[in-house]
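Visitor: Hi, could you walk me through this protein? I'm new to reading structures, so please take it slowly.

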Amino acid sequence: MRPSDWIDIADAIVDQAPGHAGVVVLHGTDTMAYTASALSFLLEGIDIPIVLTGAQRSVTELRSDGRENLVTALAIAAGHLRGDVLVPEVTVFFADLLLRGNRSVKVHADSYHGFASPNLPPLATAGVSIEFASNVIRAPSAGPIRRSGGMSSDVTGMRLHPGIDGYDLETALARPGLRGFVLEAYGAGNGPTAQWFLNHVQSAAERGVAVVVTTQCRAGSVVGGRYASGSALLAAGAVPGGDMTFEAALTKLMVLTDRHGVGDVRRLMQQDLAGELSV
């Protein structure tokens, strides 16, 4: 999958949604969380369910999970026609859980329970009946579903590790035309306090790159000022990504840098736009 594919999927949804109760998108599992996150930021006016689903085992196999995932995704997408709860947002349905798309992450390569939402409870759980968590589901937006912007390709990311050196970071931040950079830091948003490291971050920020700090931890949040190492990153010009997943932070940054200047991008990255961020 490439950002251009996300644009194509978004446009297909905009084209097909009118007159329909909901939309189901069949998708490979490896990049499904990225696509669900991207669609949640690309699309405006979401007033019907948009459910992504797929399978860990091919639908042609006897023990495929694809059939049940598809049937339940269709039931959720059309559920309000039968009086079920409307879920007017981009979601991922997998195994027995309906997850907010921009909160979902793939957590297992082999299990049928391949996806989780570490920082937000499931929107619904499917057993004999489908139980909806109405207190978590977002209200419908003012439709119709539309796409008002694209995605910038001048965004990338990097995962911190103890062996990182100046060459690694300088090479990533020296990418021509770079406008956005997601740094997967440790714990609550911590990173090296060595001056060479902070200098690279500060230099990028000063030339207009929006540097966003997320956490490598599956659950929890980047909290500015909790530790000196995290405070140093923010003092160098980075902004905290809260409890956004890496997938959500990256795709949100791609959408925002396509529409806004760096000041607004930094401000909006810290605001909840589509349920991706706990306030």
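Predicted model: local features only at pLDDT ≥ 70, side-chain atom pairs only at ≥ 80, totals over all residues.

Visitor: Okay, sheet first. How many strands form it, and in what order?
Guide: The open sheet is formed by 6 strands, and reading across it the order is β1-β3-β4-β5-β8-β9, with mixed pairing. At the edges stand β1 (23–26) and β9 (130–132), each of which pairs on one side only. From one strand to the next, the twist averages 25°.

Visitor: In which sense do β4 and β5 pair?
Guide: Strand β4, residues 90–94, and strand β5, residues 97–100, pair in the antiparallel sense, and 4 bridges join them. Within this pairing, the residue opposite V92 is L99 in β5.

Visitor: And which helix packs on the sheet?
Guide: That is helix α2, made of residues 32–42, which touches β3 (50–53) and β4, and the direction of the helix makes about 155° with that of β4.

Visitor: Switching topic: how many salt bridges are there?
Guide: The count comes to 11 salt bridges.

Visitor: Show me one. What does K106 pair with?
Guide: K106 forms a salt bridge with D30, and their closest N and O atoms are 2.8 Å apart. This pair links distant parts of the chain, since K106 lies in strand β6 (residues 105–106) and D30 in the loop between β1 and α2, 76 residues apart.

Visitor: Is D30 buried or exposed?
Guide: D30 counts as exposed, because its relative accessibility is 62%, and the cut-off for that word is over 50%.

Visitor: Which residue does E44 pair with?
Guide: E44 forms a salt bridge with R259, where the closest N and O atoms are 3.2 Å apart. Here too distant parts of the chain are linked, with E44 in strand β2 (residues 43–44) and R259 in helix α7 (residues 246–259), 215 residues apart. Both ends are partly exposed, E44 having a relative accessible area of 26% and R259 one of 29%.

Visitor: Now away from charges. Which residues make the nonpolar surface patch?
Guide: L26, L70 and L74 make a nonpolar surface patch of about 270 Å². L74 sits in helix α3, which covers residues 66–77, and L74 is partly exposed, with a relative accessible area of 45%.

Visitor: Last one: why does V239 count as buried?
Guide: V239 counts as buried because its relative accessibility is 8%, while the cut-off for buried is under 20%. This residue belongs to strand β14, residues 239–240.

Visitor: What is V239 in contact with?
Guide: If we leave aside its neighbours within four places in sequence, V239 is in contact with V211, V212, V213, L234, R266 and Q270. For R266, which is 27 residues from V239 along the chain, the separation between the two C-alpha atoms is 6.7 Å.

Notes
Residues numbered from 1 in each chain as written. Heavy atoms only, no water. Pairing = 2+ DSSP bridges. Helix = DSSP H or I, 4+ residues; strand = E, 2+ residues; numbered from the N terminus. Axes fitted to C-alpha atoms, helices over the stretch in contact; angles between N-to-C directions. Contact = heavy atoms within 4.5 Å. Patch = residues over 30% accessible without salt bridge, like charges linked within 9 Å, V, L, I, M, F, W, Y side chains within 5 Å. Areas by Shrake-Rupley, 256 points an atom, 1.4 Å probe, with all protein chains shown as cover. Salt bridge = Lys/Arg side-chain N within 4 Å of Asp/Glu carboxyl O. Buried < 20%, exposed > 50% of the residue type's maximum accessible area, 1.4 Å probe, protein only.
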